[in-house]
Amino acid sequence: MAAKITIVGAGNVGATAAHWAVTKELGDVVLIDIIEGMPQGKALDLAESSPIEGFDNALIGTNDYADTANSNIVVVTAGIARKPGMSRDDLLNTNANIVGDVVSQVVEHSPDAYLIVVSNPLDAMVYVAKQVSGWPKHRVMGMAGVLDSARFRYFISQELGVSVEDVHGFVLGGHGDTMVPVPHYATVTGIPITQLLTTEQIDRLVQRTRDGGAEIVNYLKQGSAFYAPGAAIVQMVEAIVKNKKRILPAAAYLEGEYGLSGLYMGVPVLLGAGGVEKIIEVELTEAEQAELHKSAEAVRELMEALPS
Ligand SMILES: NC(=O)c1ccc[n+]([C@@H]2O[C@H](COP(=O)([O-])OP(=O)(O)OC[C@H]3O[C@@H](n4cnc5c(N)ncnc54)[C@H](O)[C@@H]3O)[C@@H](O)[C@H]2O)c1
């Protein structure tokens, strides 16, 4: 049986995720949005590429949650994206209301799903999803770390002139200006980048990673990044659907890990058919631990500012 994957929000990120998901044949995809006709049009257009691309998964667009019933995975990209000069945090109130509404519908129609939240500000929105759904923490997670880490990995590959395939690494913390790239865990085929790049080079790549979202927003002028975010979502979906037991950075609910509790933040997790099956705790330097706690403070400030 094909997995049923619902993507809420058929805008740039949602539609791009649908595109990657069907070309990888991860399951049947339902695209849902509040705009009438838009998800239907995008889904039909994408479905009409199937004879060329060779995928047989069902793909529908809808405005009705009845069509999403009993989804295995629900990805939430509904909300507004930022414009130049806006931070992700400026989206808080609008997107909290949207994500709350969406999750109530998801709970009613797909009570056993895994939820992957993407809407920004990410860590606060996953928290809203957890509160509204009341679901256990292994079934409610957020996508940001795979994207931020992919940016970091890409910048490293470009700096060294080596294949992206050989570059690994991850970014911890909240999905915002306080995110914490950890260079000493970034490697090229096992060789730490600290042996291949100078401190000045690494600092520059770290800063570019932190500003990665804004760099794209400033180019686009309208809307924010969507190709890499779409691909990042699909890597998480694939890990669950295929029970791949990937170790990926994702926003997970912390209960004591890294000395933090009661919030969502980006940490390495083991992702498989059981969702977030485990949170991996890695050793951090004192400075990194301090940065992580600073990032947690920023996330908590957002949580406190959430509409009640
Ligand atoms: N976590 C990440 O790493 C990451 C990366 C990129 C974008 N984002 C966030 O993802 C969100 C979507 O970005 P985008 O570029 O696709 O924006 P977009 O404006 O292109 O699409 C958002 C879609 O959500 C729909 N929508 C609004 N309210 C809805 C509701 N109640 N139910 C269903 N659909 C609804 C809109 O009609 C629109 O089509 C933004 O909040 C953005 O900041 C997060």
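Guide: Let us begin with a salt bridge, which is a side-chain nitrogen of Lys or Arg within 4 Å of a carboxyl oxygen of Asp or Glu. This is a predicted model, in which local features need pLDDT of at least 70 and side-chain atom pairs count only at pLDDT 80 or more, whereas totals for chains, interfaces and linings use all residues. Residues are numbered from 1 along each chain as its sequence is written, and side-chain values use heavy atoms, with hydrogens and water left out.

Visitor: How many salt bridges does the structure hold, and which residue meets Asp148 in one?

Guide: Side chains of opposite charge can pair when their charged atoms come close. The structure holds nine salt bridges, and in one of them the side chain of Asp148 meets that of Arg151, at 4.0 Å from N to O. Both Asp148 and Arg151 belong to helix 6 (residues 145-160), where they are three residues apart, about one turn of the helix. Helices (H or I, at least four residues) and strands (E, at least two) are DSSP runs, numbered from the N terminus.

Visitor: Which peptide bond is cis, and what is the phi of Lys245?

Guide: Most residues other than glycine have a negative phi, and most peptide bonds are trans. Here a cis bond joins Asn120 to Pro121, with omega about -5 degrees, and Pro121 lies in the loop between strand 5 (114-117) and helix 5 (122-133). Lys245, which is not a glycine, has a positive phi, near 55 degrees, and its place is in the loop between helix 9 (227-241) and strand 12 (246-255).

Visitor: Which residues come nearest to the ligand, and which helix gives the largest share of the shell?

Guide: A residue counts as near if one of its heavy atoms lies within 4 Å. There are 28 residues around the ligand, and Asn12, Val13, Asp33, Ile80 and Met143 come nearest. Helix 4 gives the largest share of the shell, three residues.
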